[in-house]
Amino acid sequence: MKISNTENGKNSGVMQVAALENGTVIDHIPPEHLFKVAQILKLYKETHRITIGNNLDSRKIGKKGIIKISDRYFTEQEISSIALVAPKARLNIIRNFQVSKDEKKDVTLPDQITDIVKCNNPKCISNNEPMPSKFTVIDKDNVTIRCHYCERKINQEDLVIK
């Protein structure tokens with residue numbers, strides 16, 4: 001992927017984001033949610049090379065964030081969890097510097113979310129006992145979830161990532 005830098009209306013030819021030989025690119029992340037995606041994926045524990053770009057120009061959404069991870073591929077649960085904060089993100093699998101056409105996909109929110117989000121009800125048992133949080137997705141378009149234990153509804157803007 002070549003993203004050119006523009007100075008004074010001229011293309012300077014400088015790449016803002018380096019090419020990836022093998023790995024995963026998470027593209028079209030809303031800039032304000034880029035670091036929540038990094039938190040959900042626990043990228044702070046990652047040992048592979050990571051490139052993070054934010055507020056990059058995008059013809060589709062104006063500005064975007066992007067995460068590139070060398071030699072790393074995500075599980076379906078990890079991919080689904082991205083949809084909590086970036087429901088329009090796109091995953092591209094890169095092999096030999098090329099996007100694998102068969103492995104290009106949009107993220108989708110699963111029906112159940114386990115141990116990714118914290119219930120925002122301080123009296124919820126999941127906040128007071130050693131147990132995983134569990135949520136049912138009740139609105140995939142607007143990202144609204146309901147706690148399995150206390151049944152509190154949580155909207156996307158109120159999500160607290162563990």
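Is Lys-63 buried, exposed or partly exposed, and at what relative accessibility? Lys-63 counts as partly exposed, because its relative accessibility is 41%. The classes are set by relative accessible area: buried means under 20%, exposed means over 50%, and partly exposed lies in between (1.4 Å probe, protein chains only).

The model is predicted, so local features need pLDDT of at least 70 and side-chain atom pairs count only at pLDDT 80 or more, while totals for chains, interfaces and linings use all residues. Residues are numbered from 1 along each chain as its sequence is written, and side-chain values use heavy atoms, with hydrogens and water left out.

The protein has two helices and 14 strands. Both kinds of element are DSSP runs, numbered from the N terminus: helices are H or I with at least four residues, and strands are E with at least two. Of the 162 residues in the protein, 41% are buried. Contacts (heavy atoms within 4.5 Å) were also counted by separation along the chain. Among contacts with a separation of 6 or more, 57% join residues 24 or more positions apart.

Charged pairs come next. Side chains of opposite charge can pair when their charged atoms come close. A salt bridge is a side-chain nitrogen of Lys or Arg within 4 Å of a carboxyl oxygen of Asp or Glu. By this rule, the structure has nine salt bridges.

One of them joins Lys-63 to Asp-57. Their closest N and O atoms are 2.8 Å apart. Asp-57 is exposed, because its relative accessible area is 59%.

Another salt bridge joins Glu-78 to Arg-72, with the closest N and O atoms 3.2 Å apart. Arg-72 counts as buried, because its relative accessibility is 18%. Glu-46 also belongs to this group: Glu-46, Arg-72 and Glu-78 are linked in a network of salt bridges.

A further salt bridge joins Lys-140 to Asp-111, with the closest N and O atoms 3.0 Å apart. This pair links distant parts of the chain, 29 residues apart. Lys-140 lies in the loop between strand 11 (134–139) and strand 12 (144–147). Asp-111 lies in the loop between strand 8 (105–106) and strand 9 (112–114). Lys-140 is partly exposed at 41% relative accessibility. Asp-111 is also partly exposed, with a relative accessible area of 49%.

Pro-110 is found in the loop between strand 8 and strand 9 too. Pro-110 counts as partly exposed, because its relative accessibility is 21%. Leaving aside neighbours within four places in sequence, Pro-110 is in contact with Ser-80, Val-137 and Lys-140. Pro-110 and Ser-80 are 30 residues apart along the chain. Their C-alpha atoms are separated by 5.8 Å.

The strands were then examined for pairing. Strands of a sheet pair through backbone hydrogen bonds, either parallel or antiparallel. Here, two strands pair if DSSP finds at least two bridges between them. Strand 4 (residues 50–58) and strand 5 (residues 62–70) pair in the antiparallel sense over seven bridges. A hairpin of three residues joins strand 4 to strand 5. Thr-51 stands opposite Lys-68 in strand 5.

Four strands form an open sheet in the order 9-11-12-13, with antiparallel pairing. Strand 9 and strand 13 (153–155) are the edge strands, and each pairs on one side only. From one strand to the next, the twist averages 30 degrees. Axes for such angles are lines fitted to C-alpha atoms, for helices over the stretch in contact, and angles run from 0 to 180 degrees between N-to-C directions. Strand 9 and strand 11 run antiparallel and are joined by three bridges. Gln-112 stands opposite Thr-136 in strand 11.

Cys-147 has its place in strand 12. Cys-147 is buried, because its relative accessible area is 2%. Beyond neighbours within four places in sequence, Cys-147 is in contact with Cys-119, Cys-124, Lys-134, Phe-135 and Arg-152. Cys-147 and Phe-135 are twelve residues apart in sequence. From C-alpha to C-alpha, they are 4.5 Å apart in space.

The charged end of Arg-95 sits over the ring of Tyr-73, 4.9 Å from its centre. A charge sits over a ring if NZ of Lys or CZ of Arg is within 6 Å of the ring centre and within 35 degrees of the ring normal.
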